Every structure is written in structure tokens, then in C-alpha cells.
Amino acid sequence: MNPRVDEILRFYERQGKPAGQEEILSALREIQEVLGCIPKAVQEEAALRLGVKPSFLAAFVKKYPGFKEVSEKYEVKVCTGPSCGAGKALEILRAVEAAGEEKERDQGISIKIVKGRCTRRCGKGPNLIINGVLHHHMTPEQAAGLIRRL
Ligand code: FES
């Protein structure tokens with residue numbers, strides 16, 4: 001957990017007593033200011049520490065227009081053409097999906113993952129495109145690593 005967010009939650013934490021609406025709103029505003037968003041994992045931690053149900057806190061994030069769950073968006077295309085497909089494209093796809101889910105839940109970074117067509121660079125495959133930038137000779141581990149570093 002981000003140390004600033006931990007500090008914010010410690011300030012608003014009440015032992016055995018649920019936080020009031022004003023305290024929840026203030027805590028969420030401060031978290032949004034630090035992280036640029038309020039990722040799902042942070043919402044869950046905040047709900048636990050503020051003594052409210054996660055669904056109650058999530059409703060605040062959805063209700064108030066200034067709050068958002070994701071700060072950045074990426075599009076990842078995994079080439080599943082015939083050549084890349086023969087070279088572990090589906091394993092790469094699964095690794096990228098798992099890393100993407102983790103990234104969104106923990107850091108509020110949204111990653112749209114799609115199957116792409118042949119990019120005509122078959123000799124350098126398996127290929128992966130992140131926001132238009134091509135990455136060659138991918139393995140599932142390398143692809144997941146790229147997603148984790150976004
Ligand atoms: S099949 Fe992937 S670049 Fe051609």
C-alpha cells in the first residue's frame with residue numbers, strides 16, 4: 001500500500017466505530033489526490049479500516065463525479081495470427097489478462113486486452129502491441145512483465 005494512503009487511512013481510522021459520511025468523503029478526496037484515482041483494492045482496504053461495508057464505500061466512489069476507479073488506460077493487442085498463434089499467443093494472452101486484472105485492481109490502471117490480426121512481422125513474433133508500440137519475440141513471462149511495468 002502507498003505510504004501516503006496508509007497515512008490518510010490511519011488518520012481517519014476509528015477503532016470499533018464506523019466512520020461518518022464526511023470522514024469517508026474526506027478520506028476518498030485525499031486518496032484521489034495522491035493516486036489520481038481510487039482503485040478497487042484501495043477501496044476495499046479503506047472500507048475495512050473505516051469500518052464500513054465495501055459496497056457502501058464503492059457507492060461513494062461511483063456517486064461522486066470527481067472520483068474515479070482508474071487513472072490511465074492502455075490497449076494491448078496480442079497478435080493471434082497464424083504464425084504468432086503457433087508461438088504461444090494464447091499463453092501470452094492469458095498471462096497479459098492476469099497481469100492486467102491485477103494492475104487494474106491494485107493500481108487503477110485500466111488495460112483493454114484484445115486479440116489482434118497479423119501485423120505482417122511474423123518473423124519477429126510472437127508480437128504484442130501496447131498503445132500502438134510493437135513488442136517482438138514475446139514470451140508469456142515477458143508480456144506479463146511489460147504489463148506490470150505500465
Ligand atoms: S501472425 Fe503475428 S505478426 Fe503475423
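Predicted model: local features only at pLDDT ≥ 70, side-chain atom pairs only at ≥ 80, totals over all residues.
Over the chain the average pLDDT is 92, and 99% of the residues score at least 70.

The secondary structure consists of 7 helices and 4 strands. Their order along the sequence is α-α-α-α-β-α-α-β-β-β-α.

The overall dimensions come next. Along the principal axes, the C-alpha atoms occupy a box of roughly 60 × 25 × 25 Å. The radius of gyration of the chain is 19 Å, whereas a compact globule of 150 residues would have one near 15 Å. Of the 150 residues, 27% are buried.

Helix H1 (residues 3-12) and helix H2 (residues 21-35) have axes that come within 10 Å and cross at roughly 170°. An angle over 145 degrees counts as roughly antiparallel, and H1 and H2 are therefore roughly antiparallel to each other. On the H1 side, the residues that take part in the contact are Arg 4, Val 5, Ile 8, Leu 9 and Tyr 12. They meet Glu 23, Ser 26, Ala 27, Glu 30, Ile 31, Val 34 and Leu 35 in H2. Sorted by class, the contact of H1 with H2 contains 8 nonpolar, 1 polar and 3 charged residues.

Conventions: Residues numbered from 1 in each chain as written. pLDDT = per-residue confidence, 0-100. Helix = DSSP H or I, 4+ residues; strand = E, 2+ residues; numbered from the N terminus. Rg over C-alpha atoms; globule rule 2.2 N^0.38 Å. Buried ≥ 20, exposed ≤ 12 C-beta atoms within 10 Å, placed from the backbone. Axes fitted to C-alpha atoms, helices over the stretch in contact; angles between N-to-C directions. Parallel < 35°, antiparallel > 145°, perpendicular 65-115°, else oblique. Contact = placed C-beta atoms within 7 Å. Nonpolar A, V, L, I, M, F, W, Y, C, P; charged D, E, K, R; others polar.
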